[in-house]
Amino acid sequence: TDDGTVHYAQTTDELLSEHTGRRTLDTAALLSVLSFEHVCLDRTLIEGVTRLPWLSTLHGNGEVEFHKAPPHGRKRLSPRALASVFLDAAAKELEEYARGKSRIYLLLSGGMDSRVVAAVLHKLTEAGRVNIPVHAVTWGHTECRDVVYAEGIAKRYGWEWTRLPLDSSTYRANFELAASAFGAEVDPKHMHRIDWFRQVPPDSLVLAASYGDSVGRAEVGSRHLSLLRPLKPNDRCAFLRAPFFQDAQAKLQDDLEQLRQRHGERSEAGWLEVGRQAHYMRRHLYVVMDWVSQFATFKQAFVTPEVFRLIWSTDVQDRTDQLYVECLRLLDEELLTMPWARTGLSYETGLGAPDKLDRTYHQYGLWLRREHSDLVESHLFDGTLDALRAIDVKQVRWMFEEWQLERDADNTALATHLSAL
């Protein structure tokens, strides 16, 4: 605050109750949302309100201490050798997470990262290293790959399993949740059914595997690290007025560069990975799932310092799809016979014809346009955006009308930009 006092809170609602002064839009944060679908570094959409930085500690005097990310190395390991040490580190991580808990709720999909976590967890229960019930949870409609494959894994391991339906009403409820719990930083479509975890016992563990691909296989947003490019701010829809855009662009670029000052020297590939972890994983995926920590202990798999040091010391050329193949060969080869939700094909070979199940587990684009267009329009044009001055509301209106011309089922970037606003 203006007098130098630092206020700390776990949730946006709680913090804003302390932040009673004038609230000013942070245009650099807004440009980040429009460019990347998440806020970069530490900003929020309100000037003067920040999130605790990635790999940092907040001390009692209000000072933030930064810790350097593990160094990147070039150690070469065979896929089998890497899988062996990776699984050993992951097993120790999960065993420690489960200590003192009454039950584990595992977020299980048809993807490979949660499949590997499920297999590790099963091995731990078989060995008596974890002795509490496992309850798998999956969201999506009944005929999608994620639901069908997850149910099959849960049945194989004898776990209780719950499917959480997604529909237009759960999607609409997430607009309010996105604003109140997340300060409108994350689009409502990324919240799915996290609301369900309000009801879990407080001494339980909720376990997710969102970091699996980015850590183990060096893949972010379905692209391998070797194919990524540096983040570049870009207001594709021209929602920000020119003077505000130029100022926001300069500030956001400074934020992206500031990360380098915090984490020392490393290769360009190393910087790309540090950036994706600090910006995308921390500010996009983790911030949503960590909301669950209000109700129970929430943990992500593959994120302890031991796991990161091991994987980042390995040459990125060895962090490929083959890692998960070897993991499942060591854990449970039967899970390799189950197709991959992304393709409907064998994960190991990629051969054959895809299954007939639906790849997508939701219809967010369809629901937004057909059933929630009125909600989007009422919020966009109720005068709030006009009052912010930074946003060209005439341009927003034009793009809104363009969006109305798109196909109903399309879940496009324009739909995301409008729902985020």
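Helices (H or I, at least four residues) and strands (E, at least two) are DSSP runs, numbered from the N terminus. Residues are numbered from 1 along each chain as its sequence is written. The model is predicted, with local features needing pLDDT of at least 70 and side-chain atom pairs counting only at pLDDT 80 or more, while totals for chains, interfaces and linings use all residues.

**View 1. An open sheet of 5 strands.** The strands follow the order β5-β4-β3-β6-β9 with parallel pairing, where two strands pair if DSSP finds at least two bridges between them. At the edges stand β5 (160–164) and β9 (297–300), each of which pairs on one side only. From one strand to the next the twist averages 25°, with angles running from 0 to 180 degrees between N-to-C directions of axes that are lines fitted to C-alpha atoms, for helices over the stretch in contact.

**View 2. Strands β3 and β4.** Strand β3 (residues 104–107) runs parallel to strand β4 (residues 134–139), and 4 bridges join them. Tyr-105 stands opposite His-135 in β4.

**View 3. Helix α9 on the sheet.** Helix α9 (residues 268–289) lies across β3, β4 and β9, running at about 150° to β9; contact means heavy atoms within 4.5 Å.

**View 4. The lining of the second largest pocket.** The residues of this lining divide into 17 nonpolar, 15 polar and 8 charged, where Ala, Val, Leu, Ile, Met, Phe, Trp, Tyr, Cys and Pro count as nonpolar, Asp, Glu, Lys and Arg as charged, and the others, Gly among them, as polar. Helix α9 gives the most to the lining, with 6 residues. A pocket is an open set of points on a 1 Å grid over the protein atoms alone, where a 1.4 Å probe fits, with protein on both sides within 12 Å along at least five of seven lines, and lining residues have an atom within 4 Å of a point.

Conventions
Side-chain values use heavy atoms; hydrogens and water are left out.
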